[in-house]
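Please look over the sequence and the structure before reading the points.

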Amino acid sequence: MAKLNTFDKRRQRVRTSLRQRAGDRPRLSVHRSGRHIYAQIIVDGEGRTVAAASTLEKEARAKTGATVASAQEVGRKLAERAKAAGITRVVFDRGGFLFHGRVKALADAAREGGLEF
């Protein structure tokens with residue numbers, strides 16, 4: 001068995017915690033790379049993505065790079081799309097990423113947009 005790195009250990013720990021407290025709420029999953037940030041709301045029971053937003057979208061590409069401001073914009077767009085789909089409560093899945101910087105900015109903007117987690 002391969003030894004897990006710190007990122008993978010953190011991801012497993014976060015996912016285990018989510019399973020224990022998720023209940024029937026959808027999951028807001030965040031992924032970030034060096035250039036972009038992606039977020040989607042997933043209903044795990046159905047295996048279906050309800051809403052998604054990222055910096056790859058046409059409107060977001062006008063802004064430069066992977067910044068905190070672009071992460072905030074993605075969070076606002078995701079919250080808007082989730083509310084349109086009738087979702088207000090989610091569990092936040094940060095994966096193996098630390099809750100800091102762009103990930104935190106996205107989460108705060110989603111909360112301001114009306115999502116509860």
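The points below concern a predicted model and are grouped by topic.

**Confidence**

- The mean pLDDT of the protein is 91, and 97% of the residues score at least 70.
- Of the elements, helix α4 (residues 102-112) has the highest mean pLDDT, at 97.
- Helix α2 (residues 58-61) has the lowest mean pLDDT of the elements, at 77.

**Salt bridges**

- Eleven salt bridges are found in a search of the whole structure.
- One of the pairs is Glu46 with Arg48, whose closest N and O atoms are 2.6 Å apart.
- Glu46 is exposed, because its relative accessibility of 53% is over the 50% cut-off.
- Arg48, at 41% relative accessibility, is partly exposed.
- Arg15, Arg27, Asp44 and Asp93 are joined in a network of salt bridges.

- Arg81 and Glu57 form a salt bridge through their side chains, with an N to O distance of 2.7 Å.
- Arg81 belongs to helix α3 (residues 68-84), while Glu57 sits in the loop between β3 (48-54) and α2, so the pair ties together parts that are 24 residues apart in sequence.
- The two partners fall into separate accessibility classes: Arg81 is partly exposed at 31%, whereas Glu57 is buried at 18%.
- Glu57 counts as buried because its relative accessible area of 18% is under the cut-off of 20%.

**Helix α4**

- A salt bridge joins the side chains of Lys104 and Asp108, at 2.9 Å from N to O.
- Lys104 and Asp108 are four residues apart in helix α4, so about one helical turn separates them.
- Both residues of this pair are partly exposed, Lys104 with a relative accessible area of 36% and Asp108 with 25% relative accessibility.
- The buried residues of α4 are Arg102, Val103, Ala105, Leu106, Ala107, Ala109 and Ala110.
- The cover over these buried residues of α4 includes the strands β1 (27-32), β2 (37-43) and β4 (91-93), together with helix α3.
- Gly114 follows α4 and has a positive phi, near 115 degrees.

Key
Residues are numbered from 1 along each chain as its sequence is written. This is a predicted model: local features need pLDDT of at least 70, side-chain atom pairs count only at pLDDT 80 or more; totals for chains, interfaces and linings use all residues. Side-chain values use heavy atoms; hydrogens and water are left out. pLDDT is the predictor's confidence in each residue, from 0 to 100. Helices (H or I, at least four residues) and strands (E, at least two) are DSSP runs, numbered from the N terminus. A salt bridge is a side-chain nitrogen of Lys or Arg within 4 Å of a carboxyl oxygen of Asp or Glu. Buried means under 20% relative accessible area, exposed over 50%, partly exposed in between (1.4 Å probe, protein chains only). Contact means heavy atoms within 4.5 Å.
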